[in-house]
Amino acid sequence: MTDHYAVIGNPIEQSKSPLIHTAFAQVTGQDLDYTKVLSPLGEFAQTVDAFRAAGGLGMNVTAPFKLDAFAYATDLAPSAQMAGAVNAMKFEGDKVYAENFDGLGLVRDVVHNLQCPLQGRRVLILGAGGATRGALLPILAQGPAEVVIVNRTVAKAEELAQLACKHQSGAVPVHGVGYADLRARSFDVVFNATSASLTAQLPPLGASAFAPGCLAYELAYGKGLTPFLKLAQEAGVTRLADGVGMLAEQAAEAFEWWRGVRPDTAAVIRQLTVPLV
Ligand code: NDP
């Protein structure tokens, strides 16, 4: 019997999740279909209820419903609690198990695919929105030397840093600052987790943020050389990456959670990669 999964969002046309999960199902021999569900705004719960009533077993959640899914869930994993948002749900009877795999996907891409260990590294994260919230604990679990969160709205960065310190008892120093506070400090890994690249904007970051040998990682994907990656390249950074691997790896985490088998992501990443030019 074919099992049913879907991604829910609004808009949803742009989602790559059906392509990714269909490819995963083929290579792992799983009998499932995976569709796109467009939910009207304000009708998330009704739309998910209908999907479950029709036998659906799980959903990925994309904008703008990650907070609605947080409210809808009956059982939130620590990753979802820390992120304050949900990107994957599993339905079992009355239970709605909820996870946020974005951070795990990011770390897996960086450490495993890009072969860039985070242990002992100085990490800078631009932005203090949902993606940063999701990424923080998985990044901290790698044991970096320190993590600095820099945000346009400084209070959000400070709040997130405090929350992270509480969660891991201060084992790794985490600071929340404004862009002006960075001065000439430099970092081994710089993540752009702002949404600036979606509108071809550049956060007010100085080129000195990139230490020699640094990895500059843009969480947005499919945009080629974004203003952030261009800044890094002009600063002499040769290790540039965008979020296509993160996208594939968070999908693989969800697939394994649903199906108990982990798909290889290399082919999907190759298929979805847009050259960074
Ligand atoms: P949010 O809307 O939750 O947060 C946006 C963040 O960007 C805020 O911190 C905001 O600052 C900051 N920001 C926006 N514009 C600018 C600007 N011009 N200059 C400086 N800072 C700016 O977005 P998300 O956290 O959900 O997403 C962030 C990025 O991560 C997006 O590019 C998204 O596509 C990507 N992403 C990629 C995934 C993947 O699988 N590859 C998964 C999830 C996200 P302020 O607080 O001051 O408003």
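Reader: Where is Pro11 found?

Author: Pro11 sits in the loop between β1 (3-9) and α1 (17-28); helices (H or I, at least four residues) and strands (E, at least two) are DSSP runs, numbered from the N terminus. This is a predicted model, where local features need pLDDT of at least 70 and side-chain atom pairs count only at pLDDT 80 or more, while totals for chains, interfaces and linings use all residues. Residues are numbered from 1 along each chain as its sequence is written, and side-chain values use heavy atoms, with hydrogens and water left out.

Reader: What kind of peptide bond joins Asn10 and Pro11?

Author: A cis one, with omega at about 5°. Another cis bond runs from Ala63 to Pro64, with omega near 5°. Most peptide bonds are trans.

Reader: Why is Gln115 called exposed?

Author: Exposed means over 50% relative accessible area, buried under 20%, and partly exposed in between (1.4 Å probe, protein chains only). Gln115 has 57%, so it counts as exposed. Ala200, at 58%, is therefore exposed as well.

Reader: What is phi of Gln115 near?

Author: Phi is near 55°, a positive value in a residue other than glycine. Most residues of that kind have a negative phi.

Reader: How do you know that the buried residues of α7 line one face?

Author: In α7, Ala157, Leu160, Ala161 and Ala164 are buried. Seen down the helix axis, they fall within an arc of 105°, so they line one face; the arc is that of the directions from the helix axis to the C-beta atoms. On the other side of α7, Glu159, Gln162 and Lys166 are exposed.
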